[in-house]
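This report covers a pair of chains and part of the fold within one of them. Please look over the sequence and model before reading on.

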2 protein chains.
Amino acid sequence: MKPVQGRREFLQIAAAGAATALAGSPALGLERGGGREAKAEVLSAPPVAGRGEPKFELGLASYTLRKFDLAKTIELTKRVGLKHIALKDMHLPLTSSRDQIQAAAAQVKEASLDLYGCGVVYMKNEDEVSRAFEYAKAAGMRVIIGVPQYELLPLVDKMVREYDIKLAIHNHGPGDETYPLPSTAYEKIKDLDKRIGLCNDIGHTIRAGMDPAASILEFGDRLHDVHIKDVSAADPSGVEIEIGRGVIDIPNVMRALIEINYAGIVSFEYEKDADDPVPGLAESVGYARGVLATL
Amino acid sequence: MKPVQGRREFLQIAAAGAATALAGSPALGLERGGGREAKAEVLSAPPVAGRGEPKFELGLASYTLRKFDLAKTIELTKRVGLKHIALKDMHLPLTSSRDQIQAAAAQVKEASLDLYGCGVVYMKNEDEVSRAFEYAKAAGMRVIIGVPQYELLPLVDKMVREYDIKLAIHNHGPGDETYPLPSTAYEKIKDLDKRIGLCNDIGHTIRAGMDPAASILEFGDRLHDVHIKDVSAADPSGVEIEIGRGVIDIPNVMRALIEINYAGIVSFEYEKDADDPVPGLAESVGYARGVLATL
């Protein structure tokens, strides 16, 4: 933490043009390892101004609770104070009947949670695209976080218009040959309907060598969902960890989301401790709230 | 969150003299209930500048884990990433033998935790004062968080010199006839040895109508420990709650601790969910870390 005034001045000077210059640049020297020192290094990626009130809300990617059934998932989501949820298929199988989908959606709604989306949904053929949109429609979801093969994008483009449901392409980092980075996805969808956009998974983004805040700024016009998390290293060796214990500069990520006026959901996908995820999830949720309260 | 520049300017203007003016003033109109709006109201108590690096560290008041034995308490403290602990007597009875105390201290140290203190220790007679200092000495503790009756303060004054161990008087809010507020304790100890000071329990402080940040600033020269928490209302009806969900302006508390160069431990005393405290404790720890990462 530098003296406040000095840093604020820097923020204001650096904010306008710096993001574009950095987004997409190679690894940014981020491979120095975890902890506070490393994050200071990451901040040589320029801090974002992020002035104004956040328009987004926090939610849960239910993959976090993949070892629990839907009822327990609802209970634990509420326990950590989250009000929005996107269901992964172990909580509501993609093969469910329309009645089953509507029953599950009613169960979520009765618990005063907003079932805003689903995913990650992999789509390898036309039937899987159609099924995903029918599923989302039956559940009343607003966004499908998905991974459609390139050749299915024209069909997705037709579907988002027909159903008026967004599709957010999820980047999966190094090792993902289809969409390793937000930039990979953006290139493929930039000329399609604006309802096709990105789910920026900031853990995979930094593991693939791109600064998360910079990527949010650069592709902000098509950001439809966010998977928020932290990782232990800014390279392919990075593993998921409690938010605040890793290398991602979460305050800067939040500033970037404010800067682009992001108005969707920022969902926690906490992948560590699958059998006992609540402490790490709660710590992560608390950290994000503490950041937002301080900006 | 207001526009950054405007608020920062206000911070600099307001910082110097305002705290003294507010500390000790009646309830500050804080009784408007929880959430972000209420905290904005609390901020009519002036924001503190809090420039510089924090010199304090986060720890645990083991009362949080009062339903668990010492081994489990150590395990859970480490799980939420805390490195400093003050033991309450259910984890190490005040009646323990010297050997038992040293064995427990060794158990804590072997787990790479810093056994920095104990408490809250109530002292109603001279024997209880002597016992507390012998206990702390045997365990290698640096501070006793305690509640000595007024008439015992001369003996405490003698003991802190003899043992070179600090005593931090814990305020317990409305209903505590001895030390309801930090100001009550400060009045009694201000002319005694400087090793006698305060453990500011910010939950009880705000429940008794004093702004926590202002009280930290006003009595900062004698602050020897902090119990950090949040409460649902800034009046006697307030109950303990996850940090960030209540009425206390935690960023301002942290700024105040930085402002006074506090170099001790800030310990979480999470009193809710005694049977299952880890999620709420973890959320609270995460929140505090997120605040510190953003200041």
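A:Glu57 stands opposite A:Ile265 in E10(A). This is a predicted model.

How enclosed is E1(A)? Of its 5 residues, 4 are buried, so the strand is largely enclosed by the rest of the structure.

Strand E2 (residues 84–87) of chain A pairs with E3(A) in the parallel sense, over 4 bridges. Within this pairing, A:Leu87 has A:Cys118 of E3(A) as its bridge partner. E2(A), helix H4 (residues 98–110) of chain A and E3(A) form a right-handed β-α-β unit.

Strand E3 (residues 114–123) of chain A is mostly covered, with 8 of its 10 residues buried. E3(A) runs parallel to strand E4 (residues 143–148) of chain A, and 6 bridges join them. A:Tyr122 has A:Val147 in E4(A) as its bridge partner. Helix H5 (residues 126–139) of chain A carries the chain from E3(A) to E4(A) in a β-α-β crossover that is right-handed.

## Two copies, one axis

How do the two chains relate? The same surface serves both copies: 100% of the contact residues of chain B recur in chain A.

## The contact between chains

Chain B puts 31 residues into the contact, and chain A puts in 32 residues. On the side of chain B that touches chain A, the elements giving two or more residues are helix H1 (4–22), helix H10 (250–259) and helix H11 (278–294) of chain B. H11(B) gives the most, with 14 residues.

What is the make-up of that side of chain B? Its residues divide into 16 nonpolar, 8 polar and 7 charged.

Note on methods. Residues numbered from 1 in each chain as written. Chains lettered and ligands numbered in written order. Predicted model: local features only at pLDDT ≥ 70, side-chain atom pairs only at ≥ 80, totals over all residues. Contact = placed C-beta atoms within 7 Å. Nonpolar A, V, L, I, M, F, W, Y, C, P; charged D, E, K, R; others polar. Buried ≥ 20, exposed ≤ 12 C-beta atoms within 10 Å, placed from the backbone. Pairing = 2+ DSSP bridges. Right-handed = clockwise from strand over helix to strand, strands pointing away.
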